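This briefing collects computed features of one protein model.

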Amino acid sequence: MTIQVAILAAGMGTRLGRPWPKPLTKLDDGRSIMGQQRDNISEVFGEQARVITVVGFKLESILEEFPDGLFVYNENFDTTNTSKSLLKALRMSGSGPVVWMNGDVVFDARGAAPFGVQHPARRQRDLREHRHGRRGRGEVHRRRVRPREGTE
């Protein structure tokens with residue numbers, strides 16, 4: 001089973017004030033943030049991972065650092081937000097779920113383990129319970145949402 005992963009790395013990273021994309025920021029171990037992400041994705045999902053990276057700002061520098069990657073270009077990176085980049089990745093993905101992350105997120109591979117491959121029977125049970133609102137030992141929890149005062 002292929003695991004689809006989208007890395008959103010099109011933004012300009014203006015808050016850092018650096019001349020390169022945030023995902024290329026170097027960490028203490030010498031890897032870039034995106035390099036660490038890709039290593040962790042490989043560690044968690046192995047050969048089953050299909051990584052799609054959405055690029056925009058200074059895309060050449062990301063393409064240079066990861067020449068073997070699969071990329072989609074957000075040509076409106078300077079006027080749109082991450083939702084538009086995610087939409088580009090989803091349109092390029094195949095059918096099935098997509099794990100997505102922002103290109104400037106540093107994470108430990110152990111934290112991504114819950115997204116790893118599960119036994120098909122357990123995955124089906126988990127999806128069924130999620131759809132039917134079951135938690136714990138099969139109880140259904142419902143929460144009534146009340147409008148705020150003055151909004152009725």
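T80 sits in the loop between strand 3 and helix 3. The model is a predicted one.

**Surroundings of T80**

- The side chain of T80 makes a polar contact of 3.3 Å with the side chain of N74.
- A polar atom of the T80 side chain also lies 2.8 Å from the backbone oxygen of N76.
- T80 and G11 are 69 residues apart along the chain, yet their C-alpha atoms are separated by 8.8 Å.

**Overall make-up of the chain**

- The protein chain contains five helices and six strands.
- Read from the N terminus, the order of elements is β-α-β-α-β-α-β-α-α-β-β.
- The protein chain has 152 residues, of which 31% count as buried.
- Taking contacts between residues at least 6 apart in sequence, 65% link residues at least 24 apart.

- Four strands make up an open sheet with parallel pairing, in the order 3-2-1-4.
- The edges are held by strand 3 and strand 4, each of which has a single partner strand, so one side of each lacks a neighbour in the sheet.
- On average, neighbouring strands of this sheet are turned by 25° against each other, direction ignored.
- Helix 1 packs on the sheet and touches strand 1, strand 2 and strand 4. The direction of helix 1 makes about 170° with that of strand 1.
- Helix 3 also packs on the sheet, with contacts to strand 1, strand 2, strand 3 and strand 4. Its direction makes about 130° with that of strand 3.

- Strand 1 spans residues 3-9, and seven of its seven residues are buried.
- Both faces of strand 1 are covered, with I3, V5, I7 and A9 on one side and Q4, A6 and L8 on the other.
- Strand 1 runs parallel to strand 2 (residues 49-55), and seven bridges join the two.
- Within this pairing, Q4 stands opposite R50, and V5 stands opposite V51.
- Strand 1 also pairs with strand 4 (residues 98-102) in the parallel sense, over five bridges.
- On the strand 4 side, the residue opposite Q4 is V98.
- Together with helix 1 (residues 33-45), strand 1 and strand 2 make a right-handed β-α-β unit.

**The aromatic pair**

- The structure holds one aromatic pair.
- The pair consists of F57 and F77, with 6.4 Å from centre to centre and 55° between the planes, and it counts as tilted.
- F57 belongs to the loop between strand 2 and helix 2 (59-65), and F77 to the loop between strand 3 (70-73) and helix 3 (82-92), so the pair ties together parts 20 residues apart in sequence.
- Both F57 and F77 are buried.

Key: Residues are numbered from 1 along each chain as its sequence is written. This is a predicted model: local features need pLDDT of at least 70, side-chain atom pairs count only at pLDDT 80 or more; totals for chains, interfaces and linings use all residues. Side-chain values use heavy atoms; hydrogens and water are left out. Buried means under 20% relative accessible area, exposed over 50%, partly exposed in between (1.4 Å probe, protein chains only). Two strands pair if DSSP finds at least two bridges between them. A crossover is right-handed if, with the strands pointing away from the viewer, the path from the first strand over the helix to the second runs clockwise. Rings of Phe, Tyr and Trp (its six-membered ring) pair if their centres lie within 6.5 Å; planes under 30 degrees apart count as stacked, over 60 as edge-to-face and the rest as tilted. Axes are lines fitted to C-alpha atoms, for helices over the stretch in contact, and angles run from 0 to 180 degrees between N-to-C directions. Contact means heavy atoms within 4.5 Å. A polar contact is a pair of N or O atoms within 3.5 Å; within protein, one must be able to donate a hydrogen and the other to accept it, and residues adjacent in sequence count only if both atoms are side-chain atoms.
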